[in-house]
Amino acid sequence: MAERCAQSGATVVVERGWETVSHYTSPEEELEAVRRSVGLADLSRIPKFDVRGGCSDTLPELDAQAGIWPQRPGETLVTCPPESAAAVREQLDRYASAAGEDAPVYVSDVTAVYTALMLAGPESGNVLGRLADIDASDTALPNLDCVQTGVHHVHAMVARQDLGPLPAYLIFTGREYGEWLWDTVMLAGVSCGIQPFGSKAQQTLEAARP
Amino acid sequence: MRQLFRNDRMWRAHELKGAYDIVIIGAGVHGLATAYYLGRRYGVRKIALLDKGYLGYGASGRNTAILRSNYRTPEGVRFYNASLKLYEELSAELGWNLLFSQCGHLTLGHTDTAVAGLRVRAETNQLLGVDSRIIYPAEIQKLVPHIDCSDRPRYPIMAALYHPPGGIIRHDAVVWGLARACDRMGIEIHPLTEATGVRVARRRAEAVLTNRGEVAAGTVVNATAGWASTICKMAGVSMPIVTPPLQACVTEPLKPFLDAVIVSASLHVYVNQTGRGELVIGSEIDPYQSYSMKGTLPTLEQMASSALELFPQLHNIRVLRQWAGICDMTPDFAPIIGRCEELDNFHVDVGWGTYGFKAAPAAGRYLAELIATGKVPDIIAAFSPERFRRRRLVGEKAAAAVSH
Amino acid sequence: MAQASPSEGFSFLLNDKPIQAKAGDSIGAAMFRAGVRVFTRSFKHHRPRGLLCVAGNCPNCLMNVDGTPNVRVCTTPARPGMRVAPQNVFPSLEFDVLAASQKFDWLMPVGWYYKTFTRRPVWNAVEPFIRKAAGLGEAPPSIDRFSGEDPDYEQRYVHTEVAVLGGGPSGLTAALEASRQGSRVTLIDEQPQLGGHLRFTPSDAERRRVLAGQVEAAQGVEVLSRAQCFGLYEDGLLGVVQLPRDGGEESLIHVRAERVVVATGVIEAPLLFENNDLVGVMLSSGVERLIGLYGIVPGRRAVIVGDGPRAGRIASLLKDSGVDVAATVRPDQVLSVTGAAQADGVRTAGGKIPCDLVVVCGHLVPNAGLLHQAGGSLDWSDENGAFLPTRLPPHVEAAGQVKGSDLTAAVPSPPAYPDSKRCYACLCEDVTTSDLRTAIREGFDHIETLKRYTTVSMGPCQGRMCQISSIGVCARETGGGMGETGVTTSRPPNPSISLGALAGPRHPPVKRSPLHHEHEALGAVWMNMGQWKRPRYYAPEPDWSEQRIVEREYRAVRERVGVVDVGPLGKIEVRGRDSGKLLDKVYTHRFGSLKAGRVRYAVICDETGTILDDGTISRLADDHYFLTTTTGNLEFVVQWLEWWLVETGWDVHIADVTGGRSSINVAGPKAREVLAELTDIDLETAAFKYMACRRGEVAGAPAVLLRIGFVGEMGWEVHVPADYGVHVWRSVLAAGKEHGILPFGVETQRVLRLEKKHVIVGVDTDALSNPYEADIPWVTKLEKQDFIGKASLGTLQSAAANERLIGFTMLEDGKVPEDGSSVMLDGRPAGRVTSARYSFVNGTAVGLAWVSDELAEEGREIDVRVGGKPARARIQQAAFYDPEGRRLRM
């Protein structure tokens with residue numbers, strides 16, 4: 001994906017050992033676009049943990065910023081901001097080691113397994129409706145809920161994690177589909193005026209989260 | 001010429017009698033062909049053909065009418081070539097034009113593995129005297145000026161198996177022509193007559209029960225394609241058959257531009273243009289079992305998408321109808337023809353999957369021989385019901401993902 | 001291109017001549033206003049045809065617009081500069097020489113083509129000429145004349161509680177009602193504005209305004225205008241096609257609704273009398289639309305065919321518009337319409353009534369196809385003169401005229417009609433009442449066989465214009481009533497939809513390895529492997545031959561060291577206490593007893609003993625296995641494992657981690673030296689045996705190393721998290737530089753493995769291969785308690801093989817069989833080559849082939865076809881390279 005960003009003329013910086021796009025045009029312009037219509041960011045670097053077994057449907061209290069996305073009974077995906085990775089991992093490991101012999105829990109770091117793109121802005125539900133057969137309305141997919149779906153028959157998981165008042169969705173697919181997914185979402189967003197945004201704009205937007 | 005202005009009835013209605021020498025369940029192309037050859041070659045006339053729908057209701061009227069003999073195994077090639085040869089002569093024999101257009105048949109390969117699979121077929125075909133060869137994009141483009149042989153598609157065309165004698169025929173005409181010929185021989189055709197049971201005693205299927213009464217039978221033939229396993233079940237015979245739907249659609253008529261039948265196994269699609277100018281687009285069998293004959297939207301979208309990979313300039317052509325037929329699939333994708341082991345007078349002509357239509361004349365001709373003489377003709381020996389017990393399967397499955 | 005503001009007029013081109021249009025005009029309306037009366041020539045008889053329905057239902061106005069064939073110009077909005085041309089005419093609409101075919105139609109009674117040219121040589125000679133006459137729209141441009149730009153087709157998914165189909169008064173009322181009950185409503189309306197038929201009835205203008213205003217103001221109602229539902233599929237899925245607001249392509253919308261209200265109203269269909277197809281004969285609703293929507297006066301002097309209030313209403317509308325209504329004639333009194341191309345009068349028993357417009361109050365046919373598709377029945381009602389929907393599935397309901405409200409029969413049914421070659425039951429296909437009668441007498445007396453034999457209702461109108469008439473004729477001829485005759489099956493899509501809209505955006509998925517751009521930079525020549533892109537090889541110079549490139553990469557591996565990206569291999573982590581149990585059940589070998597730190601070749605068979613997949617299984621810890629699968633079978637293997645796990649209650653967790661690992665194989669005599677520079681793991685054989693695995697760091701990245709030997713040299717498969725992939729790849733290339741390392745591609749790998757006689761599942765095996773015939777009997781452990789395929793494999797072990805997979809070497813230099821070539825015995829096929837390549841170590845080609853069991857004998861000479869001719873080869877069951885496997889264990 002870094003290659004793709006370099007081609008698009010993005011400004012790339014290194015954050016916590018990751019090559020990250022700071023901005024594509026300018027952080028201000030990107031913020032404006034996301035708030036007005038819709039933007040897309042590559043969040044593949046966010047830490048992801050796969051928690052299996054036990055009663056992992058009922059996870060312990062985790063870091064406040066962690067996203068908890070039940071996949072199916074006994075299987076949960078946990079995400080968190082890069083800075084809380086160590087804390088969340090520790091919380092999960094503690095939970096696993098406390099699990100009983102008869103219902104063991106397994107935690108794996110699956111950060112590299114999934115690509116994650118963030119679709120944010122008032123038009124984001126609209127773009128989602130051009131990609132996948134899911135009901136993105138507030139009643140069917142409220143904030144902090146997630147749903148399994150397909151994008152062009154590629155298995156995907158969509159998780160809603162609003163940025164304060166701004167609706168936002170994380171789209172997960174296998175990492176091997178990363179570049180393709182980026183292109184596909186951008187294509188679907190053309191008529192809504194989609195704008196890629198970098199980590200600068202993203203950080204500002206995330207500050208709006210309660 | 002005189003025939004043009006004669007409006008004789010094609011077939012007549014009859015009262016259902018209490019007994020026949022032979023009762024054939026299923027009056028599609030297979031049942032009709034069996035009756036036709038029994039009458040024509042062996043003089044058997046006391047035959048009743050039963051069908052639960054109107055004539056040509058089932059797969060005979062739902063297939064995409066493609067004929068070819070470029071199969072993978074020697075057994076398959078010999079059999080389908082015999083069928084093709086019978087089809088070539090059938091219009092003249094029946095005095096009824098089946099509109100058989102030998103426009104050529106192209107099976108596309110988009111990967112190394114697929115091309116190797118096509119070569120297996122070309123080589124076997126050539127050694128058995130069937131016109132079939134591998135051709136490459138330049139020649140494909142010449143034969144089909146409208147197809148996209150460039151690098152633009154996601155899976156560019158690497159080569160094709162070209163089979164000049166293959167083509168399309170008018171499927172309904174085959175049903176009607178055979179029905180007329182049977183009727184002229186005194187064979188009775190009973191549409192809207194549904195088999196509801198089979199009375200079995202002393203290792204024999206003694207009678208077929210129908211919604212119009214019971215019919216005693218000297219010999220019973222099951223030629224019901226998609227419903228094959230349900231009819232067998234009535235007779236207490238089990239068949240290793242599953243029944244998935246197969247879908248197709250047709251577009252508005254266009255001026256003729258596509259003269260060959262195009263098949264792409266990798267894209268799960270086949271396309272040809274009928275004599276009326278419509279494009280017929282077919283898909284691979286659906287990945288689930290069902291007796292539903294309604295089309296589905298995802299399959300329609302997939303057919304359109306695949307067709308546009310091959311012919312991107314067709315994007316604004318409109319689809320008029322979609323439909324589904326149901327297919328009786330066997331584990332090795334080869335048919336089951338012959339007398340069942342369990343019953344002495346119960347014959348099956350089933351398991352035709354997605355290529356029953358092109359087999360009808362040969363299946364009918366040789367099943368008729370088996371019924372009339374009691375001996376299994378060599379050409380269908382490989383397709384016997386007992387091969388599953390003996391683990392002597394036929395290797396068509398490897399060639400058969402989409403092989404219409 | 002002339003741009004005009006919508007309020008002014010603008011022009012477009014018909015046959016290169018400008019046509020003036022007003023804002024809001026359809027193409028057809030503008031043409032009609034400009035004096036055009038003949039829009040098309042008919043399919044078979046090339047009869048001139050003009051506007052009939054003005055609703056996009058009939059085939060009379062199909063034209064080519066900007067290169068798109070079969071456009072219904074009567075409803076398609078006109079735009080400045082568009083180019084409109086007729087189709088299926090020669091040379092022009094006004095004068096079509098093929099119209100002469102009418103004179104010969106006595107030679108072409110219904111089904112004539114079945115009854116002639118039955119001799120093969122004759123048919124082969126005439127078929128091309130008959131074929132040329134077929135078709136309607138233009139053929140698409142050949143591929144070299146097609147611009148190749150993908151048009152933008154969008155698709156959307158809409159979820160709703162109530163979908164209402166139809167924006168007429170019933171639909172609007174239903175939408176308001178549902179909205180009042182608090183439901184989310186999606187209203188799907190074909191028109192650009194709400195109101196349905198209220199739009200073109202001036203007296204209803206106020207009612208329309210009020211209703212439409214309420215719907216627009218209602219809570220939770222989304223209106224999809226210019227949209228039509230073309231299919232009611234299972235599970236509440238509606239296929240909807242929507243025209244864009246301003247040019248562009250139509251789009252497909254998937255609507256999922258819990259409840260569907262079908263308020264699609266009625267379609268007016270023609271009545272049967274002689275010359276009912278002449279230009280100037282119009283349906284009453286068509287006339288209403290021309291007047292009400294476009295302000296066009298359709299004629300000077302009209303005869304109305306019809307009776308009752310409908311006829312009265314249309315008469316006063318015409319009079320108000322300044323048309324002289326010559327007479328209103330009951331349908332059963334019409335003998336024929338007169339005129340050559342254009343109607344000039346109506347003949348009745350009382351003589352001819354001159355006119356230039358014949359307005360037909362036709363059948364009002366409930367537009368109930370969708371209800372039929374959804375599983376409802378259509379039952380005949382004499383009172384309503386229509387087939388009405390009944391027995392609807394629970395989530396579907398009908399509202400308004402589609403279910404018969406306010407519907408009266410236009411004529412008694414089954415209707416009377418003349419047996420005429422000029423009384424058209426089907427306008428699309430030029431099927432006359434005479435054709436239908438003939439066909440019915442010939443035995444095609446079931447409505448479905450009648451349809452197939454005469455092609456009635458199989459044309460572009462999809463039965464809208466002709467279904468009711470053909471049922472009527474069939475009912476009358478057979479003496480069975482309308483209800484008994486019944487309707488033909490209604491199939492989607494109806495209305496039709498373009499292939500482009502169905503296909504949607506052209507953006508097929510691509511899987512890329514984390515090293516994709518590294519390969520690109522190294523000059524990779526790509527090949528597709530499923531959805532993956534893989535380097536076939538790396539071209540150092542553009543003009544190098546494949547053989548030369550492969551030999552270069554090959555020699556690096558055999559003599560020094562090479563590295564290949566094996567990222568596309570399926571990778572699965574299996575964790576949990578009972579993992580061994582599951583693997584023992586699914587795979588044919590033992591894995592529960594595999595020691596931690598060891599790797600084993602693994603095969604999956606199905607219940608019949610057929611090989612489904614192969615790969616390796618490494619035991620990383622007691623409760624942790626790492627599986628690799630073939631690239632194409634990953635999804636299957638995951639599902640297969642999950643399937644056999646269901647309801648066991650075992651503690652097993654299966655995770656597909658394919659995309660999360662960057663995987664490379666470093667192989668060759670110098671492989672150890674290269675890797676040793678990057679890791680602390682002891683790679684010496686004493687510490688790290690062949691078929692062992694270790695965890696550690698490689699170039700600072702957490703890694704799993706498997707010592708395996710697919711290519712036949714000492715080597716390690718190195719798996720690291722994908723994000724480290726590029727770093728590790730570059731580090732390996734840098735460390736290997738002094739040893740002459742080269743990256744190699746799939747083609748080179750295939751040569752290397754073939755020399756080792758390593759089988760590729762799916763290439764060297766097919767859908768019927770079992771381990772015994774494939775010459776890998778050691779992969780099955782029949783003494784194991786139970787596993788999938790055990791019973792069949794037990795039988796197969798002792799049964800005679802049908803055929804066997806053998807290795808062979810070509811005896812002549814320069815003869816390299818292509819994959820798929822035949823093995824011959826006495827000129828007959830006796831087997832097939834699955835893989836063959838030139839072997840650099842052997843000096844001739846080597847390969848794998850399936851041959852009949854009796855041929856499969858060590859040292860036997862066989863004929864393999866090369867370029868269509870037999871060439872000698874010898875069977876060799878041992879590997880062609882290092883048969884003892886010493887190099888793997890160095």
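## A buried phenylalanine, a one-faced helix and the contacts between chains

C:Phe273 is buried, with a relative accessible area of 3%. The model is predicted. This phenylalanine lies in a loop of chain C, between strand E14 (266–269) and strand E15 (281–283). Which residues does C:Phe273 touch, leaving out those up to four places away in sequence? They are C:Val305, C:Val334, C:Val337, C:Val360, C:Pro418, C:Arg422 and C:Cys423. C:Asp324 stands 51 residues from C:Phe273 along the chain, and the C-alpha atoms of the two are separated by 23 Å.

**Helix H17 of chain C**

Helix H17 of chain C covers residues 634–645, 12 residues in all. From first C-alpha to last, H17(C) reaches 17 Å, close to the 16 Å expected at 1.5 Å a residue. Its buried residues are C:Leu634, C:Val637, C:Val638, C:Trp640, C:Leu641 and C:Leu645. Seen down the axis of H17(C), these buried residues fall within an arc of 165°, so they line one face of the helix. C:Gln639 and C:Trp643 are exposed on the other side.

What covers the buried residues of H17(C)? The cover includes helix H16 (579–586) of chain C. Strands of chain C also contribute, among them E32 (570–575), E33 (599–605), E34 (611–621), E35 (624–629) and E36 (653–656). After the helix comes C:Glu647, whose phi is positive, near 65°.

**Domains within chains A and B**

The domain assignment divides chain A into domain 1 (2–45 + 112–206) and domain 2 (48–109). The contact between them takes 13 residues from domain 1 of chain A and 10 residues from domain 2 of chain A. In chain B, the assignment gives domain 1 (2–62 + 172–240 + 331–387) and domain 2 (105–164 + 244–326). Here 7 residues of domain 1 of chain B are in contact with 8 residues of domain 2 of chain B.

| Domain pair | Distance between C-alpha centres | Area buried between them | Part on carbon and sulfur atoms | Salt bridges |
|---|---|---|---|---|
| Domain 1 and domain 2 of chain A | 24 Å | about 1,000 Å² | 61% | 0 salt bridges |
| Domain 1 and domain 2 of chain B | 31 Å | about 690 Å² | 67% | 0 salt bridges |

In chain A, domain 1 and domain 2 bury about 1,000 Å² between them. A:Arg16, A:Tyr114 and A:Cys146 supply 34% of the area that domain 1 of chain A buries against domain 2 of chain A.

**Between the chains**

Between them, 110 residues of chain C are in contact with 97 residues of chain B. The buried area is about 9,000 Å², of which carbon and sulfur atoms give 55%. On the chain C side, C:Tyr114, C:Arg131 and C:Leu499 lose the most area to chain B. Together they make up 9% of what that side buries.

How many salt bridges are counted between chain C and chain B? The count is 14 salt bridges. B:Glu123 forms a salt bridge with C:Arg865, and their closest N and O atoms are 3.3 Å apart.

Chain A and chain B are joined by no contact. Their closest C-alpha atoms lie 10 Å apart.

Notes:
Residues are numbered from 1 along each chain as its sequence is written. Chains are lettered from A and ligands numbered from 1 in the order in which they are written. This is a predicted model: local features need pLDDT of at least 70, side-chain atom pairs count only at pLDDT 80 or more; totals for chains, interfaces and linings use all residues. Side-chain values use heavy atoms; hydrogens and water are left out. Helices (H or I, at least four residues) and strands (E, at least two) are DSSP runs, numbered from the N terminus. The expected span of a helix is 1.5 Å times one less than its number of residues. Buried means under 20% relative accessible area, exposed over 50%, partly exposed in between (1.4 Å probe, protein chains only). The arc is that of the directions from the helix axis to the C-beta atoms. Contact means heavy atoms within 4.5 Å. Domain bounds come from an automatic or database domain assignment. Buried area is the accessible area (1.4 Å probe) that two parts lose on being put together, summed over both. A salt bridge is a side-chain nitrogen of Lys or Arg within 4 Å of a carboxyl oxygen of Asp or Glu.
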